[in-house]
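Try each task before reading its solution.

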Amino acid sequence: MTGEKHKCVAEDVLSVGQEPWTKQEVRFRPVNKAIRFFQNDPLVVNIHLNKYEVRQVLVDTGSFVDLLALNIFNKLGLNKNNLAKVSYPLVGLGDTTVTVLGTINLPHVLGDEKQTRELYAKFMVVDIPLTYNVILGRLVLNCHGIVINMHAMCLKLPTPRGLAVFQGKHRSA
């Protein structure tokens, strides 16, 4: 699999539903009573990134980019030589302009015990302290047809074998 095959850019969003299995109806059942009503916690999940489980992943619909903290990049055994150079800073993260060390396309797996799907995203690697290890932004969510229900603290994504339900980690938020 090449990086080009999995590259998702803004114009790809319009063609997300071309595969028959992406046209599944997405419904949410009544919220689990164990989840507090009127909660305002962020949606935090665990994902498998580059074949490792990564905890404290923020699903952030307010962020356009996908971020990977440098300390997690290093723990994943990745090499800085594999980063694609960028010539622009990241603006809007905290009160300062952040230098991006580079970008890298990485596989990550989302899903539950029954259904999973491997996705690719271009992560911006930054060397700043983050509350979360990874931030998944709108681009990866839109490119892969992921639907979020903040009240239920879960997301659903189409897979070739049905919908995968991915529950947020309420206590981690």
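**Exercise 1: Placing Ala 84**

Ala 84 sits in the loop that runs between helix H1 (70–75) and strand S4 (90–93); helices (H or I, at least four residues) and strands (E, at least two) are DSSP runs, numbered from the N terminus. Before going on, note that this is a predicted model, where local features need pLDDT of at least 70, side-chain atom pairs count only at pLDDT 80 or more, and totals for chains, interfaces and linings use all residues. Residues are numbered from 1 along each chain as its sequence is written, and side-chain values use heavy atoms, with hydrogens and water left out.

Task: Is Ala 84 buried, partly exposed or exposed?

Solution. Start with the cut-offs: buried means under 20% relative accessible area, exposed over 50%, and partly exposed in between (1.4 Å probe, protein chains only). Ala 84 has a relative accessible area of 38%, so it counts as partly exposed.

Task: Which residues does Ala 84 touch, leaving aside its neighbours within four places in sequence?

Solution. Contact means heavy atoms within 4.5 Å. With those neighbours set aside, Ala 84 is in contact with Gly 102 and Thr 103. Now check a distance: the C-alpha atoms of Ala 84 and Met 124 are 9.4 Å from each other, though 40 residues separate the two along the chain.

**Exercise 2: Finding the core**

Task: Which residues touch the most other members of the largest nonpolar core?

Solution. A nonpolar core is a set of buried Ala, Val, Leu, Ile, Met, Phe, Trp, Tyr and Cys residues joined through side-chain atoms within 4.5 Å. The largest one has 32 residues, and Leu 49, Leu 68 and Phe 123 touch the most other members. Apart from it there is another core, of 11 residues, including Val 44 and Val 98. Back at Phe 123, its contacts beyond four places in sequence include Leu 49, Leu 68, Gly 102 and Thr 103.
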